[in-house]
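Morning, everyone. Let me put one chain on the screen and walk you through it.

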Amino acid sequence: MISIIAAVDENLGIGFQNKLLYWLPNDLKRFKSLTTGNTIIMGRKTFESLPKGALPNRRNIVLTTNSSTASYPGAEVFSSLESALESCSTDEHVFIIGGESIYRQAMHIADRLCLTEIRGKAPDADAYFPAIDNNSWKEKSRESHPADEKHPCPYAFVEYIRI
């Protein structure tokens with residue numbers, strides 16, 4: 001199964017200057033819970049944004065077109081999404097974790113979207129999630145949460161499945 005996981009604001013913004021738009025502890029816990037024990041595929045910039053490098057207890061895969069000059073400790077490196085997916089077994093659960101160009105490449109082959117939809121608009125965003133085509137995706141579940149002392153905006157954990 002191929003799942004895409006992301007946190008998006010009302011404009012489908014996902015990042016600014018290679019950082020998350022919002023710091024939502026519950027979103028980070030959900031991300032860890034869903035991806036631990038599975039394979040995560042990310043672009044080079046997403047890997048570089050991880051504070052401690054490769055995420056533990058997951059198979060980390062980095063996509064880059066310039067693999068000869070950089071080092072990605074704890075991660076496997078592939079030059080294309082297709083070659084990375086070919087290295088995965090059919091029973092492996094793969095999560096696409098970003099960034100923008102990797103999401104765009106994966107939208108047509110993903111089985112599921114695991115989104116945190118943030119009710120707010122970040123003042124600055126320079127990376128965006130692709131539009132969700134209602135003819136291709138159906139909302140399966142939604143778990144809404146209010147803003148609180150740790151979460152500056154209301155948000156919802158939403159799962160979409162391919163129609």
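How many helices and how many strands does the chain have? There are 4 helices and 11 strands. Keep in mind that this is a predicted model.

Start with the overall form. A compact globule of 163 residues would have a radius of gyration near 15 Å, and this chain has 15 Å, so the two agree. Along the principal axes, the C-alpha atoms fill a box of roughly 45 × 35 × 25 Å. Of the 163 residues, 46% count as buried. Now the contacts with a separation of 6 or more: 65% of them come from residues 24 or more positions apart.

The chain exposes about 8,900 Å². Carbon and sulfur atoms supply 50% of that area. As for charge, we have 18 positive and 20 negative. Their mean positions are 4 Å apart.

Next, the cysteines. How many disulfides does the count give? The count comes to 0.

Now a loop residue. N38 sits between α1 (25–35) and β4 (39–43). N38 is buried, at 18% relative accessible area, because the cut-off for buried is under 20%. What does N38 contact, leaving aside neighbours within four places in sequence? The partners are N57, R58, R59, H93 and F95.

Last, some backbone geometry. Most residues other than glycine have a negative phi, and most peptide bonds are trans. Where do we depart from that here?

First stop, the peptide bond from G98 to G99. This bond is cis, with omega near 5 degrees. G99 lies in the loop between β7 (94–98) and α4 (100–106).

Then L12. This residue is not a glycine, yet its phi is positive, about 65 degrees. Look for L12 in the loop between β1 (2–8) and β2 (13–16). L12 is partly exposed, with a relative accessible area of 22%.

Finally N18. Its phi is positive too, about 65 degrees, and N18 is not a glycine. N18 is in the loop between β2 and β3 (19–20). Its relative accessible area is 39%, so N18 is partly exposed.

Key:
Residues are numbered from 1 along each chain as its sequence is written. This is a predicted model: local features need pLDDT of at least 70, side-chain atom pairs count only at pLDDT 80 or more; totals for chains, interfaces and linings use all residues. Side-chain values use heavy atoms; hydrogens and water are left out. Helices (H or I, at least four residues) and strands (E, at least two) are DSSP runs, numbered from the N terminus. The radius of gyration is taken over C-alpha atoms; the globule rule is 2.2 Å times the number of residues to the power 0.38. Buried means under 20% relative accessible area, exposed over 50%, partly exposed in between (1.4 Å probe, protein chains only). Contact means heavy atoms within 4.5 Å. Accessible areas come from the Shrake-Rupley method with a 1.4 Å probe; for residues, only the protein chains shown count as cover. Lys and Arg count as positive and Asp and Glu as negative; His and the chain ends are not counted. The place of a charge is taken as NZ of Lys, CZ of Arg, CG of Asp or CD of Glu. A disulfide is a pair of cysteine sulfur atoms within 2.5 Å.
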